[in-house]
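Trainee: I would like to learn how to read the features of a structure. Could we take them one at a time, with the general idea before the case?

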Amino acid sequence: MDSKAAISFEYFPPKTDAGRDKLLGETTAALQSANPNYYSVTYGAGGSTRDNTRGTVLALREQGLDVAPHLSFGLDGEDTILSLLQDYQQAGINRLVALRGDLPSGTGGGTRLVYANELVAFVREHTGDHFHIEVAAYPEIHPQAESYESDIRYLKGKFDAGADSAITQYFYNVEAYFYFLDRCAALGIDKPIYAGIMPITNYANLARFSQNCGAEIPRWIRKRLEGYADDKESIRAFGVEVVTQLCQTLIESGAPGIHFYTMNQAQPTLQICANLGL
Ligand code: FAD
């Protein structure tokens, strides 16, 4: 197996002290064995996780790890974003994942969110080339996109504003990813677009996320998972098998790298990496 593909691991900021201790301790120690390029930490647009994201990012950085905080304007003003950027720069962090984000449900419907290309331009304006900026890409197309073409045009807009690479929403249809890469290349996008991969551990949660973010769970996978009902062990085993196969195809077919949505669990991401020889 060609192991040149870059790997990275995504966390969300834990809500409890116990969760934080576990993530920063045993989970990270275990995941380090796969030698990822960096960890990223999600951000709740609307500022709901601002301190928690920052705290988790800085704690990982104190362990000497490369970390990419996710960032979006949400309802925040420029000062808040500038202050976060300054904290991150001072901590020696040089990556970001720049997003528009979604506001939590119930937040004022009239609010216009700041598109990711505008945030990228803002970060470039204020911090120059300091940060390597990742943006989000959608092989199965963003649920609010006007059309397939417009979504790729807006992705190009994020690169034109200064993004360096992209990470995709998770997907289980490998053809959607490679078709998307072809369409991006046809529009002149020549930067890496890393495949976002969600290990399968819990069918109900996966089905709910997928519904919201527009990721398709192929019928054969759904049927198999439904058949396991509450048998968590079988769901995990099947999930590892399917996702290993997906990653293997991606790597063999030239995906530049894989970004794992770990959901703060070392297993099964580690199992998948081990199966791939990564
Ligand atoms: P944008 O790129 O701004 O696009 C949003 C929508 O608007 C798309 O439909 C697009 O076609 C359209 N659009 C884009 N630019 C323009 C423009 N200039 N004018 C008009 N229309 C435009 N969510 C979180 O809340 N926190 C996270 O930490 C987080 N991390 C993520 C990480 C990755 C790798 C991915 C793939 C998603 C992540 N998300 C996160 C989810 C993401 O915030 C949502 O999908 C959100 O709805 C869109 O964010 P975006 O940055 O892709 O938006």
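Trainee: Which residue has its charged end over the ring of F209?

Mentor: A charge sits over a ring if NZ of Lys or CZ of Arg is within 6 Å of the ring centre and within 35 degrees of the ring normal. Here the charged end of R208 sits over the ring of F209, 5.6 Å from the ring centre. R224 is placed over the face of F238, with 5.9 Å to the ring centre. Bear in mind that this is a predicted model, in which local features need pLDDT of at least 70 and side-chain atom pairs count only at pLDDT 80 or more, while totals for chains, interfaces and linings use all residues. Residues are numbered from 1 along each chain as its sequence is written, and side-chain values use heavy atoms, with hydrogens and water left out.

Trainee: How is a pair of aromatic rings described?

Mentor: By the distance of the centres and the angle of the planes. Rings of Phe, Tyr and Trp (its six-membered ring) pair if their centres lie within 6.5 Å; planes under 30 degrees apart count as stacked, over 60 as edge-to-face and the rest as tilted. By this rule there are 11 aromatic pairs. One of them is F9 with Y39, edge-to-face, at 6.0 Å centre to centre and 65° between the planes.

Trainee: Why does the pair of F9 and Y39 tie together separate parts of the sequence?

Mentor: F9 belongs to strand 1 (residues 6-11) and Y39 to strand 2 (residues 38-41), so the pair connects parts that are 30 residues apart in sequence. Helices (H or I, at least four residues) and strands (E, at least two) are DSSP runs, numbered from the N terminus. F9 and Y39 are both buried, a word that means under 20% relative accessible area, with exposed over 50% and partly exposed in between (1.4 Å probe, protein chains only). One aromatic cluster is formed by F9, Y11, Y39 and F260.

Trainee: Where do F73 and F122 lie?

Mentor: F73 is in the loop between strand 3 (67-71) and helix 3 (78-90), and F122 is in helix 4, 49 residues apart. Their rings form an edge-to-face pair, 5.3 Å centre to centre with 70° between the planes. F73 is buried, at 6% relative accessible area, and F122 is buried with a value of 6%.

Trainee: Is S40 buried or exposed?

Mentor: S40, in strand 2, counts as buried at 0% relative accessibility. Its side chain joins that of H70 in a polar contact of 2.8 Å. A polar contact is a pair of N or O atoms within 3.5 Å; within protein, one must be able to donate a hydrogen and the other to accept it, and residues adjacent in sequence count only if both atoms are side-chain atoms.

Trainee: Which residues come nearest to the ligand?

Mentor: A residue is near a molecule if one of its heavy atoms lies within 4 Å of it. Of the 23 residues around the ligand, the nearest are Y43, D102, Y138, D151 and K158. A backbone N or O atom of Y43 is 2.6 Å from a nitrogen atom of the ligand, and a polar side-chain atom of H142 is 2.7 Å from a ligand oxygen atom. Helix 5 gives the most to the shell around the ligand, three residues.
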